[in-house]
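Please look through the sequence and the model first.

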Amino acid sequence: MKIVEVAAGKPYPVYIGGGLNDRAGVLAALRYSPRKLALVMDRNVASLFGARAEASFSAAGFRVEKYVFEPGEDSKSFEELSRLLEFLAEREYGRNDLLAALGGGVTGDLTGFAASVYQRGCEYIQLPTTLLAAVDSSVGGKTAVNMRAGKNLAGAFWQPSLVICDCDAFATLPARELSCGAAECVKYSMIGNPALLGLLAGDAVPLRWEEIVERCVIQKAAVVALDERDTDARQILNFGHTIGHAIEHLSKFKVLHGEAVAMGMMVMTRAAEQMGFCAPGISSALAGALSAFDLPTDCPYPADALASHAFTDKKRRGDEITLILPRAVGECELYPATVNELREIIRMGLGE
Ligand code: GLY
């Protein structure tokens with residue numbers, strides 16, 4: 001088992017390894033005396049992992065109550081949030097009781113947001129079961145629900161008090177979903193860990209998720225420690241995301257997040273090469289790692305459509321949006337761009 005410490009304002013450990021679902025109760029008991037624990041999960045995760053997680057927490061003395069909701073992004077809503085809060089209130093949860101999010105990003109974001117507002121804030125545990133949640137959403141304290149006007153528009157920065165990642169869960173993921181998580185791992189290699197790119201492109205990947213997740217979480221933890229509220233250094237995690245979000249929207253979400261981020265990273269890297277920002281050849285190295293996971297490397301949308309959409313991104317500040325451009329494999333920089341620059345940069349990235 002690996003342990004990564006996140007030095008946020010409220011520090012916490014991330015445990016990463018095989019078989020940790022069965023050890024979740026013991027690990028939680030290192031931090032908490034027995035108390036009530038609401039185990040939040042969607043119906044699919046409940047049938048795959050719910051009973052074992054419940055048994056583990058119960059054996060460690062926690063009084064577990066399960067909250068099960070319908071799988072899918074539609075559950076990341078005010079309606080589901082409200083149901084969860086009412087569930088806690090009806091069962092007389094107090095501020096010292098615990099929530100535990102067992103599942104992917106939807107579950108983690110919903111549970112974390114509920115924890116941030118229930119009785120003005122209580123603690124929660126993240127138990128990611130997808131690669132994407134393990135390397136991204138379970139660490140760093142971004143919680144949210146979606147609104148009609150867009151994704152993640154209502155939420156809070158609210159750090160978990162513990163993250164327990166059972167890498168064995170990844171074996172149950174459909175190949176396309178695993179690849180989407182791998183796109184985020186490739187992102188970490190591009191922004192700060194060049195050796196990881198080789199690991200990801202190699203044949204040994206299925207045997208080494210524990211190590212890969214550890215490396216990604218070490219990087220995320222370092223960035224979160226510098227800039228917990230995403231005003232500066234943390235923006236580096238958005239490499240490929242501004243264009244990626246535009247692609248997701250233009251495809252009406254048929255292109256999945258990780259696939260869109262893969263295309264977005266390629267557009268930014270090809271643009272950086274054209275601009276002389278980085279040496280030629282970086283995009284080939286990136287494409288090699290993405291292709292190892294059958295991730296797309298070419299973007300089918302034109303620059304105008306991407307730029308128009310990118311400028312509606314919630315991370316825009318006035319007339320500027322901060323792009324992330326690579327200098328080398330393992331080194332990226334923030335690059336503030338105006339709307340006109342953005343369109344030109346995307347054109348270069350697409351070879352238009
Ligand atoms: N998912 C990007 C971040 O946590 O900042």
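This is a predicted model: local features need pLDDT of at least 70, side-chain atom pairs count only at pLDDT 80 or more; totals for chains, interfaces and linings use all residues.

Residues are numbered from 1 along each chain as its sequence is written, and side-chain values use heavy atoms, with hydrogens and water left out.

Around the ligand (a heavy atom within 4 Å) lie Asp 136, Lys 142, Lys 220, Arg 234 and Leu 237.

| Side chain | Distance to a ligand oxygen atom |
|---|---|
| Lys 142 | 2.9 Å |
| Lys 220 | 2.6 Å |
| Arg 234 | 2.7 Å |

Of the 200 Å² of accessible area (Shrake-Rupley method, 1.4 Å probe) that the ligand has on its own, the protein covers 88%.

Helix H10 (residues 257–274) packs against helix H13 (residues 339–350) at an angle of about 95 degrees, their axes being 7 Å apart. H10 is therefore roughly perpendicular to H13 (65 to 115 degrees, on a scale from 0 to 180). In contact (heavy atoms within 4.5 Å) are Val 267, Met 268, Arg 270, Ala 271 and Gln 274 of H10 with Ile 345, Ile 346, Met 348, Gly 349 and Leu 350 of H13.

Key:
Helices (H or I, at least four residues) and strands (E, at least two) are DSSP runs, numbered from the N terminus. Angles under 35 degrees count as roughly parallel, over 145 as roughly antiparallel, 65 to 115 as roughly perpendicular and the rest as oblique. A polar contact is a pair of N or O atoms within 3.5 Å; within protein, one must be able to donate a hydrogen and the other to accept it, and residues adjacent in sequence count only if both atoms are side-chain atoms.
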